[in-house]
Amino acid sequence: MSDAHAESHEAHPTWSTYWKVALILTVITVIEVWCYYLKGFPETAYFVPTLLILSAVKFVIVVLFYMHLKYDAKLYRALFTGPFLVAMATIIVLMFLFGKFAIHLSLLT
Amino acid sequence: MTATAADVGHGYTTTGLPHRKIAIWAFIGSECMLFASLISTYLIYKGRSIAGPFPHEAWTDPSTHHVYKAILNIPVTSCSTFVLLMSSLAMVLALAAVENRDVPKHTLGDRILGSSKLWLFTTALLGATFLSFQAYEFTSFVHEGLTIRTNLFGSSFFTLTGFHGAHVTAGVLWLLTMLGIDFKRGLGPKDALNVDIMALYWHFVDVVWIAIFTLIYLIK
């Protein structure tokens with residue numbers, strides 16, 4: 001059996017870790033919704049970055065702990081992060097070409 | 001060190017990893033790009049609808065003077081988001097229960113945590129609940145005057161969330177199939193890879209919703 005095979009069978013998190021992760025995800029979701037309703041905050045420049053960071057944290061926690069990428073073989077990580085980075089680049093490039101970024105940069109009228 | 005012939009013959013590639021798990025990760029990678037295209041379409045069209053209803057602002061139809069309120073219902077969607085997050089918890093508990101089927105269970109708590117049937121059923125139930133929330137949301141939007149043909153927001157919103165809902169539906173059917181197998185012959189450590197693959201798909205559906213909830217519902 002190969003090293004990668006052995007690596008793919010590393011121990012997964014314990015039940016208590018799963019419960020803690022669920023609690024953290026719930027708390028972050030509550031904070032996100034609270035930010036949405038916080039008077040005046042959605043109009044500030046901090047609103048969008050705050051939500052994007054909180055969302056990214058949730059995303060990473062689920063991928064690392066629930067999808068076990070933190071514990072599994074590196075090949076799985078590559079198979080996920082490669083297309084994911086292409087997907088992110090696609091969104092950013094399209095936003096620069098046609099979306100809000102283009103309007104801010106006066107590329108579109 | 002390479003995989004042995006026996007490994008390859010039993011579903012392991014020359015990398016030493018199970019080919020089905022490599023396939024599901026490659027599939028998830030391709031799904032990332034599908035949802036990226038749908039999300040970027042939504043973001044590009046955001047704020048460009050000429051006529052309402054709009055997601056976050058009220059709108060008065062100039063011809064009929066009918067006032068349409070902001071269409072998105074954040075409290076309802078927050079609840080459905082919580083439901084989907086908890087379904088991911090139930091899914092990892094189901095996988096852990098299958099992997100630890102042979103571990104002796106001494107207490108009631110051990111038996112509850114170790115019941116794959118309970119956690120598979122809970123995951124499917126929470127997935128179905130999420131779909132019910134989505135059906136309620138879509139129905140109320142149509143009643144409030146927003147359909148897939150009303151404006152750019154309606155087209156991109158229903159396409160994106162509809163695709164996600166279709167993925168959740170496929171996941172619920174997959175869960176129910178696995179639950180049926182569990183009732184028929186019981187799932188054990190030898191089935192852990194099959195449950196793991198299903199769990200990866202289910203968590204992917206969850207992380208896509210994490211992005212959708214923030215980008216579509218919360219960011220004004």
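Here are some notes on this predicted model, chain by chain and then on how the two chains meet.

1. Start with the make-up of chain A. Of its 109 residues, 26% count as buried. If you look at contacts in chain A between residues at least 6 apart in sequence, 53% of them join residues at least 24 apart.

2. Element by element, helix H3 (residues 47–66) of chain A has the highest mean, 95, while helix H1 (residues 3–8) of chain A has the lowest, 47.

3. Where pLDDT is low, the predicted coordinates should not be read in detail. I'd keep that in mind when looking at helix H1 of chain A, with its mean pLDDT of 47.

4. Now the place where the chains touch. On this side, 45 residues of chain B are in contact with 43 residues of chain A. Three helices of chain B each supply at least two residues of the touching side: H2 (19–45), H3 (74–99) and H7 (192–218). H2(B) gives the largest share, 14 residues. By class, the side of chain B that touches chain A divides into 29 nonpolar, 13 polar and 3 charged residues.

5. Is Pro83(A) buried or exposed? It is buried: 21 other C-beta atoms lie within 10 Å, and the cut-off for buried is 20 or more. Leaving aside neighbours within four places in sequence, Pro83(A) is in contact with Gly29(B), Ser30(B), Cys32(B) and Met33(B). As for its own chain, Val21(A) is 62 residues away from Pro83(A) in sequence and 25 Å away in space, C-alpha to C-alpha.

6. Within chain B, have a look at how H3(B) packs with helix H5 (residues 116–143) of chain B. Their axes come within 8 Å and cross at roughly 160°. Angles over 145 degrees count as roughly antiparallel, and H3(B) and H5(B) are therefore roughly antiparallel to each other. The crossing of the two helices, H3(B) and H5(B), is left-handed. Sorted by class, the contact of H3(B) with H5(B) has 16 nonpolar, 8 polar and 1 charged residues. H3(B) also turns up in point 4, as one of the helices that supply residues to the side touching chain A.

7. Last, two histidines with a backbone angle to check. Phi of His68(A) is near 65°, a positive value in a residue other than glycine. Phi of His65(B) is near 60°, again positive in a residue other than glycine. His68(A) is found in the loop between H3 and helix H4 (74–98) of chain A, whereas His65(B) lies in the loop between strand E1 (59–60) and strand E2 (67–68) of chain B. His65(B), with 7 other C-beta atoms within 10 Å, is exposed, as the cut-off for that is 12 or fewer.

Notes: Residues numbered from 1 in each chain as written. Chains lettered and ligands numbered in written order. Predicted model: local features only at pLDDT ≥ 70, side-chain atom pairs only at ≥ 80, totals over all residues. Contact = placed C-beta atoms within 7 Å. Helix = DSSP H or I, 4+ residues; strand = E, 2+ residues; numbered from the N terminus. Nonpolar A, V, L, I, M, F, W, Y, C, P; charged D, E, K, R; others polar. pLDDT = per-residue confidence, 0-100. Axes fitted to C-alpha atoms, helices over the stretch in contact; angles between N-to-C directions. Parallel < 35°, antiparallel > 145°, perpendicular 65-115°, else oblique. Left-handed = near helix turned anticlockwise from the far one by under 90°.
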